[in-house]
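Subject: Handover of the two-chain model

Hello,

I am passing this structure on to you. Please open it first, then read the notes below.

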Amino acid sequence: MKLLPCSGAKTTSPDIQNSVEDEMEMATVRHRPETLELLEAQSKFTKKELQILYRGFKNECPSGIVNEETFKEIYSQFFPQGDSTTYAHFLFNAFDTDHSGTVSFEDFIMGLSILLRGTVQEKLNWAFNLYDINKDGYITKEEMLDIMKAIYDMMGKCTYPVLKEDAPRQHVETFFQKMDKNKDGVVTIDEFIESCQKDENIMRSMQLFENVI
Amino acid sequence: MAAGVAAWLPFARAAAIGWMPVANCPMPLAPTDKNKRQDELIILNVSGRRFQTWRTTLERYPDTLLGSTEKEFFFNEDTKEYFFDRDPEVFRAILNFYRTGKLHYPRYECISAYDEELAFYGILPEIIGDCCYEEYKDRKRENAERLMDDNDSENNPEGSMPSLNLRETMWRAFENPHTSTLALVFYYVTGFFIAVSVITNVVETVPCGTVPGNKELPCGERYAVAFFCLDTACVMIFTVEYLLRLFAAPSRYRFIRSVMSIIDVVAIMPYYIGLVMTNNEDVSGAFVTLRVFRVFRIFKFSRHSQGLRILGYTLKSCASELGFLLFSLTMAIIIFATVMFYAEKGSSASKFTSIPASFWYTIVTMTTLGYGDMVPKTIAGKIFGSICSLSGVLVIALPVPVIVSNFSRIYHQNQRADKRRAQKVSLSYTQQHLPLTDCTVYSRSGQ
């Protein structure tokens with residue numbers, strides 16, 4: 001079922017025609033995002049920034065939505081030396097807030113808005129959401145280990161000094177020692193935010209996101 | 001791909017939130033873009049047609065003309081646009097390269113014009129996308145071949161040459177009959193004698209009236225002396241010609257191995273062999289067979305006819321198609337002969353006595369000749385016979401168009417080369433008769 005090709009970002013009616021039947025249909029699906037004004041109101045970006053972001057977005061994904069494959073492809077171009085597919089998978093799930101299996105421009109903008117222009121609280125919240133793979137409100141050691149391994153894979157084998165095999169596991173231990181206050185084996189959102197706010201390094205790093213765009 | 005993906009850089013940086021809380025040390029500062037301009041549109045005026053694009057689009061490839069500061073040389077202060085006095089059609093493809101990261105080759109463009117444009121804009125042809133790369137390479141090869149042909153024909157100038165020794169003059173006379181009148185005379189004389197020889201061979205066998213009391217004689221035996229004299233004269237001429245060519249050839253070894261020289265030798269050998277072994281009853285049978293080889297004199301005409309040479313060259317270049325035709329025909333013949341033999345085994349007085357005997361029927365049927373000397377009598381035989389004739393048409397019809405198109409291509413190439421040569425000759429002729437003081441200006445075209 002072919003839909004009409006879209007004419008651009010600015011449309012009067014906020015129609016979201018999103019039919020994702022099968023792989024073949026993906027090529028002909030056209031997704032029209034919300035209007036520019038609406039997005040400007042919902043996110044913390046200016047109109048010009050939204051225009052630039054949308055142009056880049058549409059260039060890579062003419063159909064208007066990103067599926068996990070494309071997401072992984074794009075992300076791996078930034079980290080050519082390692083295998084970033086696992087981390088990209090977690091990232092994708094974090095961006096895909098409504099768990100539809102695709103990331104639309106609105107999801108993309110919402111995520112970026114929080115990460116680049118949000119408060120420290122919001123950023124930490126987002127990071128917690130990223131780590132909590134099954135979205136149950138708790139970060140277990142297994143989830144953390146998965147994330148850590150994904151990050152180490154992404155950095156690749158060409159690090160200096162060369163990392164040991166169990167470096168991820170040790171890293172997780174350190175993390176849990178720092179974050180898990182009541183030593184119950186899981187980290188809740190409050191423990192996470194509290195521990196991060198106490199850590200100077202993390203706070204300083206958070207400030208760096210201001211001028212990314 | 002880096003071009004479009006660069007727009008996702010903010011996203012990649014934002015994703016760093018993932019490893020920040022687990023990092024052991026603070027994150028390094030992200031590099032800030034100094035002199036970060038607002039993205040602006042620039043206008044590219046190519047021979048009057050205006051193209052517009054973002055500045056950052058062009059800057060994706062900084063080692064090309066449009067991506068570097070080299071384009072400032074073309075900036076027009078009055079109209080505030082970049083003016084290029086080049087082809088706007090090709091520019092479309094070039095600008096699309098900046099936009100999409102893939103360089104396409106439009107099929108209707110001339111290959112050398114396209115190459116020139118690419119060279120002007122500083123783009124290497126190697127980055128042409130896979131979709132168009134085959135076409136580009138094919139056209140480039142064709143062009144190179146055509147240029148080589150031109151250069152070859154140029155290297156045989158018709159103008160005044162430094163004096164050659166006798167051997168080289170003779171060789172040139174043999175290869176290009178129109179260089180001197182002597183060569184032309186020689187050319188026509190040999191042609192005439194080839195024709196005479198072929199006609200005598202043919203007329204020799206015609207029945208020529210009866211000697212009273214005897215059966216009808218062919219002319220060859222009735223006027224044996226006359227025919228022998230004619231034959232001798234022809235062979236004399238051919239021998240002299242062959243020896244002269246052998247003497248004049250720049251590389252004797254290569255000349256001896258060439259096809260034309262082999263034909264020459266085969267044409268005159270039977271006569272000499274016949275002289276050597278006269279009236280020896282045992283081998284006269286073999287001697288008669290040798291006379292068949294005299295018909296090869298007709299191939300000597302290929303020196304005189306370009307069409308014949310082209311045909312020979314085509315057959316040589318289509319050797320694989322011809323081989324395939326032969327192979328598939330052989331397969332089909334064997335299959336059908338076997339089938340027909342077993343189908344006709346039952347019928348009485350069948351002509352299909354063995355499988356090799358059925359070969360004849362199969363060949364005659366597949367080529368749709370249908371002599372009718374062997375016909376199947378059983379119903380099964382007739383069915384298979386009809387299948388055989390239908391498949392014969394198909395199998396033969398398939399490789400033939402390939403051979404035809406090859407012939408056509410080579411023929412047209414030759415025609416083009418001839419035309420160009422004729423043009424050059426007429427050009428040099430007019431130049432010779434114009435009162436020019438400086439002849440080197442028009443000495444050879446293309447130099």
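One definition first: helices (H or I, at least four residues) and strands (E, at least two) are DSSP runs, numbered from the N terminus. With that in hand, R245(B) sits in helix 10 (residues 224-248) of chain B.

Some ground rules. This is a predicted model, where local features need pLDDT of at least 70, side-chain atom pairs count only at pLDDT 80 or more, and totals for chains, interfaces and linings use all residues. Residues are numbered from 1 along each chain as its sequence is written, chains are lettered from A and ligands numbered from 1 in the order in which they are written, and side-chain values use heavy atoms, with hydrogens and water left out.

**Chain B**

Start with the overall count. Chain B has 18 helices and 6 strands. Of its 447 residues, 32% are buried. Here buried means under 20% relative accessible area, exposed means over 50%, and partly exposed is in between (1.4 Å probe, protein chains only). Contact means heavy atoms within 4.5 Å. Among contacts in chain B with a separation of 6 or more, 59% join residues 24 or more positions apart.

Next, the record. An unreviewed UniProt entry annotates "transmembrane region" at residues 182-203, 223-244, 256-277, 322-343, 355-371 and 383-404 of chain B. UniProt positions are given in the numbering used here, feature names are shortened, and annotations may be inferred rather than shown by experiment. In the model, residues 322-343 of chain B are 100% helix and 0% strand, with end C-alpha atoms 31 Å apart. Residues 256-277 of chain B are 91% helix and 0% strand. Their end C-alpha atoms lie 26 Å apart.

Back to R245(B). Is this residue buried or exposed? R245(B) counts as buried, because its relative accessibility is 5%. Beyond its neighbours within four places in sequence, R245(B) is in contact with W171(B), F174(B), E175(B), F255(B) and R303(B). M170(B) is 75 residues from R245(B) along the chain, yet their C-alpha atoms are separated by 8.0 Å.

Two loop residues deserve a look. S47(B) is in the loop between strand 1 (41-46) and strand 2 (49-54) of chain B. Its phi is near 50 degrees, a positive value in a residue other than glycine. S47(B) is partly exposed, at 37% relative accessibility. A349(B) is in the loop between helix 15 (319-344) and helix 16 (355-366) of chain B. A349(B) is not a glycine either, and has a positive phi of about 55 degrees. A349(B) is exposed, with a relative accessible area of 73%.

**Chain A**

The record again comes first. For chain A, an unreviewed UniProt entry lists "domain: EF-hand" at residues 83-118, 119-154 and 167-202. Residues 83-118 of chain A are 67% helix and 8% strand, and the end C-alpha atoms are 29 Å apart. Residues 167-202 of chain A are 72% helix and 8% strand, with end C-alpha atoms 20 Å apart.

Now the helix packing. Two packed helices are described by the angle between their axes and the distance between the axes. Axes are lines fitted to C-alpha atoms, for helices over the stretch in contact, and angles run from 0 to 180 degrees between N-to-C directions.

Helix 4 (residues 68-78) and helix 5 (residues 85-95) of chain A pack at about 125 degrees, with axes 9 Å apart. They are therefore oblique to each other (angles under 35 degrees count as roughly parallel, over 145 as roughly antiparallel, 65 to 115 as roughly perpendicular and the rest as oblique). On the helix 4 side of chain A, E68(A), F71(A), K72(A) and Y75(A) make the contact; their partners in helix 5 of chain A include Y87(A), L91(A) and F95(A).

Helix 6 (residues 105-117) and helix 7 (residues 120-131) of chain A cross at roughly 125 degrees, and their axes come within 8 Å. That makes helix 6 of chain A oblique to helix 7 of chain A. G111(A), I114(A) and L115(A) in helix 6 of chain A meet E122(A), K123(A) and W126(A) in helix 7 of chain A.

Last, K141(A). K141(A) is in helix 8 (residues 141-155) of chain A. K141(A) counts as partly exposed, at 35% relative accessibility. Not counting residues up to four places away in sequence, K141(A) touches V172(A), E173(A), F176(A) and G185(A). V172(A) is 31 residues from K141(A) along the chain, and their C-alpha atoms are separated by 7.2 Å.

Best wishes
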